[in-house]
Amino acid sequence: MPASARPLRACRSPSLKGMATVPGDKSISHRALILGGMALGETLITGLLEAEDVLNTAEAVRAFGAQVVRQGPGGWKVNGTGVGGWRRPEDVLDFGNSGTGSRLMMGAMATTPVTAVFTGDDSLRKRPMGRVLEPLKLFGAEYEAQPGGLMPVTLTGAGQAICVDYTVPMASAQVKSAMLLAALNAPGRSHISQGALTRDHTERMLSAFGAEVSVEPLPGGGETISVMGEAELKAVSVAVPRDPSSAAFPLVAALILPGSEIVLPGVLLNPRRTGLFETLKEMGADISIANERDSSGERVGDLTVRGSVLKGVEVPPERVPAMIDEFPILAVAAAFAEGPTVMRGLEELRVKESDRLAAIVAGLRAAGVTVQELEDGMVVEGCGPGGVPGGGTVTTHLDHRIAMAFLVMGLASRKPMTVDDASMIATSFPEFETLMGGLGAIIETTAG
Ligand code: S3P
């Protein structure tokens with residue numbers, strides 16, 4: 001645990017009430033900055049997530065030569081260099097905790113002849129980078145990494161890039177996106193295929209910035225995305241919708257605290273991100289959506305959530321990519337449900353900010369919940385009307401979502417739940433404590 005660790009304790013709270021305005025979507029925020037940095041002209045971003053992960057990406061885009069200026073809360077202006085116009089950064093690029101920021105930026109520079117050094121915190125330096133770096137070699141990029149493909153990584157973009165046909169072997173939107181971004185400066189058309197339907201924000205935003213992108217379904221499921229290289233990206237305005245992965249925390253808190261009623265306005269409802277909402281509805285959650293509308297090519301809506309009696313379900317494995325970041329909080333909801341919840345196809349959770357599967361299982365056990373860990377998933381035995389015992393301390397392993405999930409658990413468990421370090425919450429949801437407190441949640445600092 002770092003010296004600056006910040007333990008927090010969540011205690012049994014009254015029903016939650018009020019408006020939960022969560023911050024901008026993290027995935028879309030990274031992409032808006034990166035595409036803005038590669039476009040010609042001035043990209044105006046509103047609603048940008050101003051959390052550590054995204055601020056590190058802003059800094060990196062600046063280091064490659066784009067102008068990135070904050071104009072006010074969530075309002076940013078990016079003057080890009082044009083595709084292929086990035087220059088060599090003067091210093092090492094530190095992406096902190098962010099897999100998305102670092103992997104997408106590797107792709108974005110891989111077909112421009114510059115060299116950059118990528119590093120990150122203790123969590124990011126344990127995460128596999130070979131999954132991005134190896135396929136980027138197909139474009140002509142070269143790299144040096146630590147044993148096992150770990151950071152720090154030195155990447156040199158291709159001098160004479162070539163277009164590629166590549167099938168992404170795992171269900172990762174980061175790898176897919178890195179390849180699509182690299183394809184932008186490789187002459188000819190690149191084809192990137194994937195068996196799983198992972199989040200498609202890069203494809204959507206590339207089209208909005210004027211790139212020639214097409215998507216074809218594959219006969220056995222999945223799809224092929226084709227991108228025309230030597231693209232000219234033109235600056236646009238991007239209104240970032242609110243993050244469903246952050247909304248998930250107050251939402252589940254409201255579900256498990258009887259009598260709660262909260263409203264979450266302007267949440268992104270892209271179907272490749274809403275797997276948790278679908279699953280919770282199958283569990284009996286009272287979630288209604290109003291005022292569905294379009295925002296910068298993405299679907300958004302206002303959610304109303306009321307305290308609900310939940311029952312265990314089996315999550316269809318094909319839904320996993322649409323809720324890949326939501327398993328920590330789904331496991332918490334499952335602990336309060338009646339009956340078992342079965343989650344499989346979660347192998348990717350082993351390489352997130354922590355081995356998330358192991359961290360969830362350990363956290364549930366610390367709270368007195370029965371759980372079976374599988375190689376690729378888990379079965380959570382819901383505590384039903386008896387309630388979740390609680391009273392444990394959870395190790396967060398530098399993982400923001402483990403910290404937030406188990407704090408939510410403590411709001412409704414019989415005894416409080418403590419997390420050993422809540423500092424990483426600032427990587428994605430700096431307002432978490434204030435927002436939850438505003439709804440009535442009791443979350444307090446502890447002496448440790
Ligand atoms: C993301 C993709 C997912 C997700 C991450 C954000 C993105 O990661 O877990 O939080 O913005 O592309 P993987 O690509 O590793 O699945």
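Student: Where does arginine 242 lie in this predicted model, and why is arginine 242 called partly exposed?

Tutor: Arginine 242 sits in the loop between β14 (237–239) and α7. Its relative accessible area is 31%. Buried requires under 20% and exposed requires over 50%, so a value in between is called partly exposed. Arginine 242 therefore belongs to that middle class.

Student: What makes a residue a contact of arginine 242, once neighbours within four places in sequence are left aside?

Tutor: The criterion is a pair of heavy atoms within 4.5 Å. With those neighbours left aside, arginine 242 is in contact with Thr21, Val22, Pro23, Gly24 and Asp25, and also with Pro265, Gly266, Val267 and Leu268. As for leucine 357, 115 residues away along the chain, its C-alpha atom is separated from that of arginine 242 by 26 Å.

Student: Why is threonine 43 called buried?

Tutor: The relative accessibility of threonine 43 is 0%. The limit for a buried residue is under 20%, and threonine 43 therefore qualifies. Threonine 43 belongs to strand β3 (residues 42–46). Residues up to four places away in sequence not being counted, threonine 43 touches Ala32, Gly36, Trp76, Lys77, Val78, Phe209, Ala235, Val236 and Val238.

Student: How many aromatic pairs does a search of the whole structure find, and why is the pair of phenylalanine 95 and phenylalanine 118 called stacked?

Tutor: The search finds 4 aromatic pairs. In the pair of phenylalanine 95 and phenylalanine 118, the ring centres are 5.5 Å apart and the planes make an angle of 10°. Phenylalanine 95 is in the loop between β6 (93–94) and α3 (99–109), and phenylalanine 118 is in strand β7 (residues 115–119), so that the pair links distant parts of the chain, 23 residues apart. Phenylalanine 95 and phenylalanine 118 are each buried.

Student: What makes the pair of phenylalanine 249 and phenylalanine 432 edge-to-face?

Tutor: The angle between the planes is 85°, and the distance is 6.4 Å centre to centre. An angle over 60 degrees is called edge-to-face, and the distance lies within the 6.5 Å limit for a pair. Phenylalanine 249 is in helix α7 (residues 244–256) and phenylalanine 432 is in helix α12 (residues 432–439), so the pair ties together parts 183 residues apart in sequence. Both phenylalanine 249 and phenylalanine 432 are buried. Together with Phe429, Phe249 and Phe432 form one aromatic cluster.

Student: Which residues of helix α8 are buried, and what do they pack against?

Tutor: In helix α8 (residues 275–282), the buried residues are Gly275, Leu276, Phe277, Thr279 and Leu280. These residues pack against α7 and α9 (327–336), and against strands β15 (261–268), β16 (286–295), β17 (298–306) and β18 (314–315). Just after α8, glycine 284 has a positive phi of about 105°.

Student: What makes the backbone of serine 296 and leucine 398 worth noting?

Tutor: Most residues other than glycine have a negative phi. Serine 296 has a positive phi, near 45°, and leucine 398 has a positive phi of about 60°. Serine 296 is in the loop between β16 and β17, whereas leucine 398 is in the loop between β22 (393–394) and α11 (400–410). Serine 296, at 42% relative accessibility, is partly exposed; leucine 398, at 17%, falls under the 20% limit and is therefore buried.

Student: How do you know that the peptide bond from methionine 151 to proline 152 is cis?

Tutor: Its omega is near 0°. Most peptide bonds are trans. Proline 152 is part of strand β9 (residues 150–156).

Note on methods. Residues numbered from 1 in each chain as written. Predicted model: local features only at pLDDT ≥ 70, side-chain atom pairs only at ≥ 80, totals over all residues. Heavy atoms only, no water. Phe/Tyr/Trp six-rings, centres within 6.5 Å; stacked < 30°, edge-to-face > 60°. Helix = DSSP H or I, 4+ residues; strand = E, 2+ residues; numbered from the N terminus. Buried < 20%, exposed > 50% of the residue type's maximum accessible area, 1.4 Å probe, protein only.
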